[in-house]
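Here is a short report on one protein model. It moves from local contacts to the overall layout.

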Amino acid sequence: MTDTDTTDRFVIEVSQVGTVDHIVDLEADSADGSPYAPRQDLPGEKLCDRSTRSPASEYITLRDYADWRGFDKTAFEGDAPDEVCSYCWTAVVEHAKRGEQHERDDVDDRIGTVGYRLRWKQKGRAREEWYDIVVRPETTITELDRLVCRFTTLDDLHLRMYGLEDEYMDSTLNVIPDQQFTEVRDPSYTNASEVTIADVAERATLWDGDKLSMVYDFGTPSRYYCIVKEVYDPGEIEKLLEERDPIAATETAAIINEKRP
């Protein structure tokens, strides 16, 4: 992604409230249910949750904003200027770095054909306990859910939903276990057996260092999440599973390592 692509996509949202201005991703669809963009009539998606958006805001490019404010930033790099939210600025910088890495690794061509080692942790217990689950592209969320439930106290009485990154009460995937899908009867949700890891990967450009999440017990919500620790081409997955004695397995996925208290 070029500097021009980045500066055209990410613009400064100049608001009448707050001590700093924030950044909006114009290519993001605010109708996707982002918790940072509750107003679907506003353009794009704000990159942090540290202020509310206003229809009175103006949107200008970084170059025009820098001219107006009198600083020399013409690209999203280095530290944020004092006038701009540092959380939003960091998100844009990380986006650019991620794009460069993906180009070097030919990620776009490999997404949907690779498998992953997913390290699952429970929020609040990340250092004490974790489980590595290796998944193939064809692994369904149902299979993944079956393995996740082996090291938790979750069963069909616990409503749970899988999502992307740090999604908590809202999920852009809206994937729930099959039995619960039938009981909820909400067409906005997706049956877990109909979604594969390849589907999720292609939707989220899932790669090394990215996260998935699973939220349960929505009355007093709790969360498990995973970090993509390794990316495997198909031959590497098969070799790994042949050489390891899995702790538990389905037809296309396996728990291969764990840390337990």
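## Aromatic pairs and what surrounds them

At 13% relative accessibility, phenylalanine 151 counts as buried, where buried means under 20% relative accessible area, exposed over 50% and partly exposed in between, with a 1.4 Å probe and protein chains only. The model is predicted: local features need pLDDT of at least 70, side-chain atom pairs count only at pLDDT 80 or more, and totals for chains, interfaces and linings use all residues. Residues are numbered from 1 along each chain as its sequence is written, and side-chain values use heavy atoms, with hydrogens and water left out.

The whole structure contains 8 aromatic pairs. Rings of Phe, Tyr and Trp (its six-membered ring) pair if their centres lie within 6.5 Å; planes under 30 degrees apart count as stacked, over 60 as edge-to-face and the rest as tilted. Two of the pairs are set out below.

| Pair | Centre to centre | Angle between planes | Class |
|---|---|---|---|
| Tryptophan 120 and tyrosine 162 | 6.3 Å | 85 degrees | edge-to-face |
| Phenylalanine 151 and tyrosine 224 | 6.4 Å | 70 degrees | edge-to-face |

Tryptophan 120 lies in strand 5 (residues 115-122) and tyrosine 162 in strand 7 (residues 160-164), so this pair ties together parts 42 residues apart in sequence. Helices (H or I, at least four residues) and strands (E, at least two) are DSSP runs, numbered from the N terminus. Tryptophan 120 and tyrosine 162 are both buried.

The pair of phenylalanine 151 and tyrosine 224 links distant parts of the chain, 73 residues apart. Phenylalanine 151 sits in the loop between helix 5 (141-150) and strand 7, and tyrosine 224 in strand 11 (residues 222-232). Tyrosine 224 counts as buried, at 7% relative accessibility. Tyr131, Phe151, Tyr216 and Tyr224 form one aromatic cluster.

## Charges over rings, and cysteines

Two arginines sit over rings. The test asks for NZ of Lys or CZ of Arg within 6 Å of the ring centre and within 35 degrees of the ring normal. Arginine 50 lies over the face of tyrosine 87, at 3.4 Å from the ring centre. The charged end of arginine 69 is over the ring of tryptophan 68, 4.4 Å from its centre.

How many disulfides does the structure hold? It holds 0, a disulfide being a pair of cysteine sulfur atoms within 2.5 Å. The sulfur of cysteine 88 is 3.7 Å from the closest cysteine sulfur, in cysteine 48, too far for a bond. Cysteine 48 counts as buried at 2% relative accessibility, and cysteine 88 at 0%.

## Helix 7

Which residues of helix 7 (residues 197-204) are buried? They are Ile197, Ala198, Val200 and Ala201. Seen down the helix axis, these fall within an arc of 160 degrees, so they line one face of helix 7. The arc is that of the directions from the helix axis to the C-beta atoms. Glu202 and Arg203 are exposed on the other side.

The buried residues of helix 7 pack against strand 5, strand 6 (130-135), helix 5, strand 7 and strand 10 (211-216). Contact means heavy atoms within 4.5 Å. Just after helix 7, threonine 205 takes a positive phi of about 50 degrees.

## Overall layout

The protein has 8 helices and 13 strands. Its domain assignment gives domain 1 (6-110) and domain 2 (115-259); such bounds come from an automatic or database assignment. The C-alpha centres of domain 1 and domain 2 lie 30 Å apart. Along its principal axes, the C-alpha trace spans about 60 × 40 × 35 Å. Of the 261 residues, 47% are buried.
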